[in-house]
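Please look over the model shown below. The report then takes up its strands, helices and loops.

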Amino acid sequence: MSGPASENMAGRLLGERYRIETAIGFGGMATVYRATDEALGRAVAVKLFDSISHDPARQESELAVLASLDHHGVVNLYDAGVDRDDFGRSRRYLVMALVTGQNLHERILVSPIASRHIAEIGYDMAEALEYIHARNVLHRDIKPANILLVDYGSDAPRARAKLTDFGIALSDDIERMTAEGVTTGTAAYLSPEQVAGAPLTPSSDVYSLGLVLLQSFTRAIEFPGSMVESAMARLSRGPVIPDFLPPHWHALLSAMTARDPEQRPVGLELVSMLQQVVIADSARQEDTEADTFYPSDPDPSSDRSAILDTIPDEALHRVTAMAARLFSAPISIVSVVDHDRTWFRSHYGPEVGQIAREVDLRTATIPRAEPVIIEDGQTDPRSQDNHLFTGPLGLRFYVGVPLKRNDGQTIGTLSVLDFTPRTTTATEVANLQDLAALVVAQLEARHEGLRTVEMADPRPAFPPQSDLLPSGA
């Protein structure tokens, strides 16, 4: 694999000013690094495009768009330049503000988010969209991974959201980078008009933001699958808005994801609607969700049984090791969404290098109600937008099976990953499903134990339906 992602960039000096430290993000065309601006002594983010990129027009597009924007809801561009690699090839880099905190995709994986905080994120994004749309810029790739949540480290009760990655943005000053009828963006969040290759307006970004806010509640992608599967689902139905959401959220999300672009709120109308939702959610006395945006560590003085709490962790450790041995694979992961936390356990074989241990494998889980098998990530369309397959890790093989409760509810995924493509048998998949059933059995045993412990503390021991990944996620 060539390109900057496969190099040892640590210590490299760009533009005689920016000292590269570590990689913090990966994409299909570029890698983002944490770096130090040695002239000003501050930390920055450097987006370094692959030297093998054949789309310099898109790089210039992103630079032109970012340079024109200055808003609290948009990640600011500081500088740009051209670097030459060890083979003399030129590659563009952008220097941007370093945002301390998670992106929304990562935050969704951790635990449920209070509706008030989802409204605050939506309000920040509505203001950002109103700003860029007023300057004739369309983002075209609104998704959780492109919404950064700033942690100012001051114990603030909320995070401020910033929009990033304008790589495929459209403005009046930039010629469209795709042929007529060809869509760009991330399949799961495209608007119906993007899917159809129709002319786009600001309401397209609003639709995508509506899907993002919906996912913040359900913690599941509304239109999963390949580009074709996701597109066909979107053209045949609207998103399903859960019944547990209050009326003001139903009205907002229905309006934002209306099939007719003319029916969606844009600009100041959307800002005003989300401001009202923030006010309504802040005033709800029955909202018992956490007041702080970032969940704190479990209270060590809690009276919950320590033995019961360690059962899932031990079980997940053993199951991932067994799953890896079953497929003779170097990596296995299990992710379980519960009412009080998200469990995530990774197993690494001795052949796995340090770079694999530093990659966030939570994005490798593909929650589905049925097994997912990717025998060669280089040819399977489902892996084309996943940096675990296209980035420095270079995965080629994936098998994932759902963790299902007795009532059929999907609550997580058990998966195996490898760097070598291969075929798999029905017996191997069945054995992996048996291991997944053991995980669920351990969790249900824990819940039964917690019911006994909580006789003196009657909090719900089993997670309510709304706190779990919906069936078919």
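D83 stands opposite R91 of β6. The two strands are β5 (residues 77-84) and β6 (residues 90-97), paired in the antiparallel sense over seven bridges. Strands count as paired if DSSP finds at least two bridges between them. Helices (H or I, at least four residues) and strands (E, at least two) are DSSP runs, numbered from the N terminus.

β5 and β6 form a hairpin, with five residues between them. In the turn, G88 has a positive phi of about 85°.

This is a predicted model: local features need pLDDT of at least 70, side-chain atom pairs count only at pLDDT 80 or more, and totals for chains, interfaces and linings use all residues. Residues are numbered from 1 along each chain as its sequence is written, and side-chain values use heavy atoms, with hydrogens and water left out.

K47 has L94 in β6 as its bridge partner.

## V44 in strand β4

V44 lies in strand β4. Its relative accessible area is 0%, so V44 is buried. Buried means under 20% relative accessible area, exposed over 50%, and partly exposed in between (1.4 Å probe, protein chains only).

Leaving aside neighbours within four places in sequence, V44 is in contact (heavy atoms within 4.5 Å) with Y18, Y33, R34, A35, T36, D37, Y78, V95, M96 and L98. Y78 is 34 residues from V44 along the chain, and their C-alpha atoms are separated by 8.8 Å.

## Helix α3

Helix α3 (residues 115-134) has 20 residues. From its first C-alpha to its last it reaches 28 Å, close to the 28 Å expected at 1.5 Å a residue. The expected span is 1.5 Å times one less than the number of residues.

Of the 20 residues of α3, 18 are buried, so the helix is largely enclosed by the rest of the structure. N136 follows α3 and has a positive phi near 60°.

## Packing of α5 on α7

Helix α5 (residues 202-218) and helix α7 (residues 247-256) pack at an angle of about 140°, with axes 8 Å apart. That makes α5 oblique to α7. Angles under 35 degrees count as roughly parallel, over 145 as roughly antiparallel, 65 to 115 as roughly perpendicular and the rest as oblique. Axes are lines fitted to C-alpha atoms, for helices over the stretch in contact, and angles run from 0 to 180 degrees between N-to-C directions.

From α5, V206, Y207, L209, G210, L213, L214 and F217 meet W249, L253 and M256 of α7. These contact residues divide into nine nonpolar, one polar and no charged. Ala, Val, Leu, Ile, Met, Phe, Trp, Tyr, Cys and Pro count as nonpolar, Asp, Glu, Lys and Arg as charged, and the others, Gly among them, as polar.

## Two loop residues with positive phi

R219 sits in the loop between α5 and α6 (227-236). Its phi is positive, near 60°, in a residue other than glycine. R219 counts as buried, at 9% relative accessibility.

S328 lies in the loop between α9 (306-327) and β11 (331-337). Phi of S328 is positive too, near 50°. S328 is exposed, with a relative accessible area of 62%.
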